[in-house]
Amino acid sequence: MESPSIRYTVPTSISWWRMKQILFNPFDIGKWFVLGFTAWLATLVSGASQGTGGTGGAGDTDDPEIQEAFRETKNWVMENLEWIVGVGVIVASIIVVVTIVLTWVQSRGKFMLLDNVVNNRALVGQPWKEFRSEGNSLFLWSLVFSLIAFFVFGGAIGGLGWLIYLQLDASDFVWTGPLIGYGAGFVGFVFLLGVGFAYIARLLEDFVIPLMYLRRLKTTDAWRVFLSLHSQNVGSFIAYFLWMMLLGFAWSIVIFAFVLLTCCIGGLLLAIPYLGTVLLLPMLVFLRALGPTFLGQFGDDFNLWKGTQLEVQP
């Protein structure tokens, strides 16, 4: 189905109205907590993957003490390599198993949350069973996607690590011009990779999963349908992605301000599993509605709210 040649916009106000109708018209604390549970399931892995980072300055690597520290570290690693690898394998295996289980639950939870948002209700058992096939398909696709991302990023990091190791293997460790150049190139390469994978993940979350839900499709079939639409409206979807990045940045500022104003008490509450999701539920419901609402502009065949009580804004 070809879409008409018009400029599509991000329907922020409609999504906001739908969020208010779901959560505040009327306000039902029981519905809030049940819906929050499905939102928690839908963000089990992604919600737990928030990291922090920092920057630091480089010291004088010509200092004999720093050079000696590098040599001692290298010697210690080589002397204890066997048990370091053994412990690493055990820890990595546990992490992989736990991540796989959580990803499986999260894949089903995404359809549970979407179903509740579309139909303005708070159910757990029915959508869990109803979207079993779609959830399992999303789970398998997500595993493959994660493996690809792991090997791509792992290969890039491994390459840089090997260059650093070669420097450590030298008698004197110095930040040479080529090493600094490789490092700068690595940062730029990883940034571009990150943007690319983030774009794919956003399209999956906001458009492919809703198409799976609407048409009861497998993940690869939903991708085929969506990519046909995407190829005709590349600019609109890129603009949507940039707008979502801006929203994410703005929301991060709001959360940061909330943590500061509550003297970090708010941060502790948000860090508690499930409770943090319940507190952030307005934002999560708004974001869950935003992608499908944008998708609905391309015609009734893409409108998840067609025939529901939240189809149109009064």
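1. Start with L203. Leaving out residues up to four places away in sequence, L203 touches V208, W223, F226 and H230. This is a predicted model, and the points below should be read as a description of that model.

2. L203 is located in helix 7. The residue is buried, because its relative accessibility of 4% falls under the 20% cut-off. The C-alpha atom of L203 is also separated by 8.3 Å from that of F241, although the two residues are 38 apart along the chain.

3. F226 is the partner to follow from there. Its contacts, not counting residues up to four places away in sequence, are L203, F207, V208, L211 and F237.

4. T219 deserves a separate look. The residue sits in helix 8 and has a relative accessible area of 1%, so T219 counts as buried. A polar atom of the T219 side chain lies 3.3 Å from the backbone nitrogen of L138. With neighbours within four places in sequence set aside, T219 contacts S137, L138, W141, L204, V208 and M212.

5. Next, the pairing of helix 1 with helix 2. The axes of these helices are 9 Å apart and the packing angle is about 120°, which means that helix 1 is oblique to helix 2. On the helix 1 side the contact involves I22, L23 and F24, and on the helix 2 side K31, W32 and L35. By class, the residues of this contact are five nonpolar, no polar and one charged.

6. Finally, the chain as a whole. The chain contains 12 helices and zero strands, giving the pattern α-α-α-α-α-α-α-α-α-α-α-α along the sequence. Of the 314 residues in the chain, 35% are buried. Among contacts with a separation of 6 or more, 77% join residues 24 or more positions apart.

Notes: Residues numbered from 1 in each chain as written. Predicted model: local features only at pLDDT ≥ 70, side-chain atom pairs only at ≥ 80, totals over all residues. Heavy atoms only, no water. Contact = heavy atoms within 4.5 Å. Helix = DSSP H or I, 4+ residues; strand = E, 2+ residues; numbered from the N terminus. Buried < 20%, exposed > 50% of the residue type's maximum accessible area, 1.4 Å probe, protein only. Polar contact = N/O pair within 3.5 Å; in protein donor to acceptor, adjacent residues only side chain to side chain. Axes fitted to C-alpha atoms, helices over the stretch in contact; angles between N-to-C directions. Parallel < 35°, antiparallel > 145°, perpendicular 65-115°, else oblique. Nonpolar A, V, L, I, M, F, W, Y, C, P; charged D, E, K, R; others polar.
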